[in-house]
Structures are given as structure tokens and as C-alpha cells.
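Hi,

Here is the structure I promised to pass on. Have a look at it first, and then read my notes below.

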Amino acid sequence: TEHSIQLNRQVPHQSRQQSRISRRSGTGWWERLCRVLPLRKAYDQHQVDHADQEAQLEATADELSSLKFHLDSVDETLTKFGTSRIQGLEDEAIKRRRERDSPNVAAVFVWISWKPLGNPTNPQYLALGVTIFLVIALQASFSAYQEWTTSRIMASITSMLPTESIVTRNGTMSKIMAADLVQGDVVHVRGGDKIPADLRLIEASRDLRFDRSMLTGESDAVVATVNSTDENYLETRNIAVMGTHVTQGSGVGVVIGTGDSTVMGRIAKMTTSKGTEKTLLQIEITRFVVVVACLSLVIGTTLLVMWAAWLRKSYPTFLLLSDALVNSTGVIIAFVPEGLPICLMLILTLIAKRMQRQNVLVKNLTTVKTLGFVNAICSDKTGTLTQKLMTVVHAGFLDMSLTTNKLKTRYSSGQSAAVQRLYDTAALCNGSTFDSQTMSLPIADRRVNGDATDTAILRFAEHLRPVSQAQSEYRKLFEIPFNSKNKWMLSLQERVEGGSAPVLLIKGAPDVLLPRCSFIQDSKGDVHVLDKNSLEQLMALQRRWSGEGQRVLMLCRREFHGSNPFAGREDDPAELEVIVAAHNTDLCIVGLVGIVDPPRKEIPSVVDICRRAGIRVFMVTGDFALTAAAIARQCHIITNDGVDSIVDIRAKALEHAPGALADTRGEKPVLNECASQVQSNDGVTSLVLSGSELVGLQAEHWNIICGYSEIVFARTTPEQKLLIVQELRARENYVAVTGDGVNDSPALKAAHIGVAMGGGSEVAKEAADMVLLDNNFSSIVVAIENGRLVFENLKKVLLYLLPAGSFAEFVPMLLNMSLGVPLPLSVIFMIIICMLTDVWASISLMYESPESDIMLRAPRNPKKEHLVNLKFFGQAYGFIGLMEALFAHIIFFV
């Protein structure tokens, strides 16, 4: 059954006419003025348009409140949209619906000086006025062309950032572009995804959460359900609204709206976007314009006052009013650097083109200059510093560790129960799936839908035996997907044949799961009590692998012999949740797996470049401390043999302020003193901290931590990543954060510059200011260099325009009016030089390449080093301007 949404946008003519009459009947001063002026018609039209807009807004609100998709049951929803949970839409239905629906994608003063003030008239003033008008038109045309070119470049860059969705069509799961979705498509979502269309949920995991803050303003994530929870379409929890994000969990939904028929689409049609906060570049340019404009007006007014108060009375025939107006206007125009807007637009356009060649998406070009201030980069590890090509290289039991090839040999013999349990846990407790279209390819080349860790475990299991065979033998009863807070995944499985109780499978971080474990198996499959000696053996193996840079995961299970606590509750998710939580203890450790994720090749050199540029690179990861430290050494983030820990931080804090730590929570952070002490005592210092060690730290501790030159933050949660960024910012650090996961998004938003990887989650890319489309970390260096180049080239342009185009031309004008010195240049030539000759010469400065030492300088502090300051004006006017004026007069007279 085909279904389409017909929107009623009609507003009763009578009520609209009454609204217009009521607005026209006002008696304010503006209404009375409009009745006697020709503005009446325009005013009435404005009121009519305003009334129409209000009526349309009311109609949109009524449409949203009248939607009832959330009240339909799952079966009714599938029937209404003519789709199936298993098969999805067929090709013919997709074609028909795609055809039906829209894609989910100063001269005035000069003129009057000729007439009527000019007596007799001076033809030069007419020529001057015409020249100014022509130059203004030329500049406006050039600016319009540059804006059009820039918008095209930005549009082409934005199109390089596709949004994909996983759908079920013709009975198979596949990835398609979000713009190709149609009503009735069955869409699969998981943590980190951006909802591509309005969805009616038909399946939802226990921990499925949506971030609706962009719609409701509430920061807390919304718990998703299958059943309706509210009569209001926007309040119910079984609707996933387009544009919102999945913070955790997984689910399946039917597309009920695409494009303009979605909630966001209807709102976007009736409202305009909110004004964005000014960037540092915009603040600097505004500050400069205000200073120069005030200065030019003061100088121009001073010349007029000088003529009116002195020359007009003492020397009435020396200058007429028209001459004084032209002179003052000429000085005002000369003082303003007319080439600055064009140069500024050009440099941003050049950056856009350069970034496009580097596969970098910059959402707001003016934020690039902010990168020139960055002095600290907090980078995630997986997928940012590493290749995100995880591979299982080792598997370990209580008494033995094996490579994956040797493990396959043991599994093929069919005589190892230990390997069978390890395989079952890896294959069944997994949130990733192979793309059906790539199943014919070798295992390493197949495309996988899921995160990097689950992908590595899935390929590891497939290497031993096809995962599809294991999945056909079991039925999943309950699942808790992995998230960055729990750091584990759980799956409750039972055999299809029946006859045995379900088995509880769980995998995750060893330090998190160990408190839940009571037993451990050896390589023969014999189960032993987890005593002190067994625990020490296991931890020694973990430390050895972690020291080699491997991510270590623990695989556990719990079997229920003789009893089945889940009997009769298999179809009740709420009951299962309670029972699973109660029995998620006394687990048996099946084994450990070691996963290798090699660093990107460019990372060590990029970190070295950043260090020479005065930028510290910190690693902020959720991985184990030893693993993170090993990878940090490979990336050159840590270069010292000796590394400090939280013990050293507490000792230094006591040494710096003994007995005062208990009262430092409310103190304002102070960086300079503590940082200089750490640097001067130890030189380059290194520090490794775990997330749990950040709890309870006071301001004095953070003062010392932020003074280290090399830091690794391990086992961090999203809240702790956010805390790290906030503490760095509080100590006058300009922070850039790089990441690709959902857990990175709070820190990406809080940083001065958020940088996401193109292969990362939609949540991370939405939160970031810049996206590296090719996942190349070295592009950050290019962006930082461009940020510094903007500042340098703008300063060169201003230093060229201000002395010659303003002060050097003001001096002869002042000498002419005060001492009667002949003018070396007429006003018309002065204007032509300022608005034509100087502009093109200054544009060439924007094309200058970076200085050879631009990445060897310390980052600028925008609070102390402005684009222009008193020193800059002193050099431009007091030194270069006077020299140019002096030598120009000498050349003129000689």
C-alpha cells in the first residue's frame, strides 16, 4: 500500500483578512507617518507578509501536532508503508516512491561639490565623483564574484562528506546514501549514527538512546522504545527524528518521512538559522575597522573645522567650500584600506581551495585562523592516531598464549573445548556484521558494518569458522551493546535445537570484567577457580601484550547447568534485563585476545612538526594505560624513558603548596608559575594518567598536570575527556581536539577547534568544526599553517595599505591647508591610487607562501597579540608613513 503525506497549508481567508485589518488599525507613530508618506504601500505589504508568515508557522505547528504515526502498532506501521521487517522494500516500490517523494537532500559629497556647491563649477569634481562611483561598483562586483566562487567551493567540499545509512532491501542489508531513502525503507541505526530520516522504531535495544538537544534543548539523552509513550508526536519515544543522534545502543526503524516531510524539514522551511558566534578573525577585523573608521572621520572632520574656523575667515579666496569638502572626503577615503575586504575574501577562498586539495572540510572558513592560536592538541587514539585496522594477533588462556594461525590449527583438530568456547563467545557476542555484497571477497577485504574492535573480533572468528554457521545454531534472546561507559558487551544466547539453558556471553576490558569473574579455563578446557596465582598469570599476560601496544580484551561466559533462570521470560525484555543484571556475576574467563592497531605512518613526523611549532600533542583514549603509553611512544607523543604518574603529581602538589590542597577547589587556575617550575626542573616531562586517577583532583594538581609537555590520558570516559579540555582551556591553552567516535563529541564541542575524522561517527562529524575526509592526521599541520598564514598576510597587506594610502597622503593635504604648500597629487589621483593601484598590489601579498620559519614560532596569544595594536600603528604612520611622505615631497620638488 502506497502512503504519502499530504500537508494542508491553507489558512482561512477570512481569518487572514481580519489579521491584516487588525494590524493596519494601529495608531502608533510609525503607522501615522506611513499614512502621509509614499512608504504606506511598502509598509502595508510588510504587514501582509508578516501575517502570512505567522499563519504559515501556525499551520506548521498544527501539522506536527496532528501526526499520528507513533500511535500505530509495529504491524500497522509495516502495513501502512507496504514494507517488511525481514525483506524491506523491493526495487519496484523503491522506484515508485523515489519518483513520488523529493530527495532526502563618500561619493555624494564629491558630487555636490561640483553642483550646486561649486561656483564656478569644476569639471574635475564631476570626474572625481564618477570615478568613485565606478570604483565602488567595480569593488562590489569583484566581491560578489568572490563570494559566488567561495560558495561554489564550499558546496563542492561539503558534497565530499556523504551520509550513509544501513537498510534492508530485497532481504539483504546494504549501505546506501541517506539521500536515496524513501518512505517504507527499513533502516538500522546504532550508537554514533545520525538519524537520516524520520523513523518509526520497530526494534530497540535496551540501552538505545537519542540526543534530541538540537530539537528540545534538553541535554539528557532520551530512552528509545518501540511502543508509544505520549500522544504528542514530538514527545513520544518511539519516533527517531531526522538530524538527531544515536548516543548508544542499536535499533531498527521504518522511514515515515523524508526531506521536507520530516519534522526538521518542516521547521527549516519556516525558520531561518540562528546567527553564529563571531570568530576570532571576525573580532579582529571588526576591531581594526572601528579604529580606522574613527581615525579617518576624526582627521576628515579636523580638516573641515580648520577650514571653517581659520581659512574661511583669514583666507576666504584660498579654498572654497567645495574644495574643502573634496579634500576632506579624499582624506577619509584615503585613510580606509579599500583593498582589505577583497584581500580578506581572497585569502579565505585560497584556503578553501587548498583545503579541498587536502581533502579537508572546513565548516566555517573564518575558524581556520583560530588554528593559528592552538598550542595544545588532544587526540583520540583509535582511528585518529592509528589506522583503525584492528587485527587479532594473539589469543591466550590460563596456561598458554597462541598466535591466530596456531589457534586455527588447534580448532581444526576439533579436540579443544577451550578454543570452541572462545570461538562461540567471539562469534555470538559481537555487534558487527559482514556486508552481504562483499561475502565473496577474502575475509580481510570484506566490508563490515560495526566498530573497529568488533570488526577485528568478527574477522578473527570468521578465520576459524564461518560466523553465519554459529549464528544459525543459536537464537539471541537479549543483548547489551558495547558503550564507552560500561566498556563491555553482553549477549544472551540459546541453542535453536533447545534442550539446554541459555548461555551468557560477555566481552570487554579486563580491568572492568575481572571483579565479575570467579572461574577461568585453561587451554584444555578445564575450569579452575580464579585464585591469586591464576589472576597473577593472567595479569602478567595482559601487561606483556599491552607493553607491545596491543589492545587486550577479555572474553567470558556463564553456563547454567541444571537450572534455567530465564525459562518463561524469553519474550519479556524487561524481565530479562532484571534477570541478566542479577546473573552477570560468577563468570568464567574463556580467554584473552590481543589486538594490534598500528599507528598511521605520518603520525610521528606530524607530532615532531607540532612540537617544533610550540604545540603540545596529548593522547586522550579509552584504552589501557600500558597500551596507550606503548602506542604514544611509537607516535613520538612520549619521548622520555622516565614517565611520571599520579603519585608524582600529588608529591609535587604537596611540595608546591603543602597543607593548602584542601582549600584549592574554588581557586582560579594558575598555569604560569607551576608550568615554569615543572619545565625548568625536568626539561621535557612525560606523564601517564588513567581516568580513575582524575577523580578528586584539585586546582593545584591540574596546574601541575597542564604544565607537562607530554601527556597520555588513558581509560577515560566522555565526561573525563570533556573535563580535560575544560581544565586546559581554563589555563589559557587554545585547544584542538581530534576524534572519530561518539565518546569524543562532548570534547569536540568544548574545544576551540574540533577536528573529526571522515570515517568516524556522524555524531563526531556534527560536533566538529573541521573534518579530515581522508582521515589524514597530517592535514592538521596544513590547517595550522594556513591559520598562521592568514594572520601574517593580513598584516602585510595592512602594513602596505595604511602608510602609503593614508598617512602619506594626509601629510601633503595638511601642509597644503596649513602652510599653502602645493599639492603633489590632486585628490582624484589620490583616490585612484588608493582604490585601484594599491588594491591590486596588495592582493599580490595574499598569494605569498608561508615563511620558512612559520611553523617554528610559538603560537600567538589572541588576548595579547592582536592583528593591529599601538605598535603597529606607530610603525605604519610614525615611521613608514613619514618616510614615504618626506621622500615623495623631495621627489616632487626636486
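Please keep in mind that this is a predicted model. I'll begin on the outside: F879, M883, L886, F887, I890 and V894 make up a nonpolar patch on the surface, and together they have about 640 Å² of accessible area. One of these residues, I890, sits in helix α31, which covers residues 870-893. I890 has a relative accessible area of 41%, so it counts as partly exposed, given that this class runs between 20% and 50%.

Now to the inside. In soluble globular proteins, nonpolar side chains tend to be buried together. Here, the largest nonpolar core holds 82 residues, and F288, I377, M619, I637, M770, F777 and L794 have the most contacts inside it. Helix α29 (residues 779-819) supplies the largest share of this core, with 15 residues. A separate core of 35 residues lies apart from it and includes V419, I457, F460 and A470.

Leaving aside residues up to four places away in sequence, I637 touches L385, V607, R611, V617, M619, A632, E710 and I711.

One more residue to look at is N786, which also belongs to helix α29. Is N786 buried or exposed? Its relative accessibility is 1%, so N786 counts as buried, the cut-off being under 20%. With residues up to four places away in sequence not counted, N786 is in contact with I351, R354, M355 and V368.

Best wishes

Notes:
Residues numbered from 1 in each chain as written. Predicted model: local features only at pLDDT ≥ 70, side-chain atom pairs only at ≥ 80, totals over all residues. Heavy atoms only, no water. Core = buried A, V, L, I, M, F, W, Y, C linked by side-chain atoms within 4.5 Å. Buried < 20%, exposed > 50% of the residue type's maximum accessible area, 1.4 Å probe, protein only. Helix = DSSP H or I, 4+ residues; strand = E, 2+ residues; numbered from the N terminus. Contact = heavy atoms within 4.5 Å. Patch = residues over 30% accessible without salt bridge, like charges linked within 9 Å, V, L, I, M, F, W, Y side chains within 5 Å. Areas by Shrake-Rupley, 256 points an atom, 1.4 Å probe, with all protein chains shown as cover. Salt bridge = Lys/Arg side-chain N within 4 Å of Asp/Glu carboxyl O.
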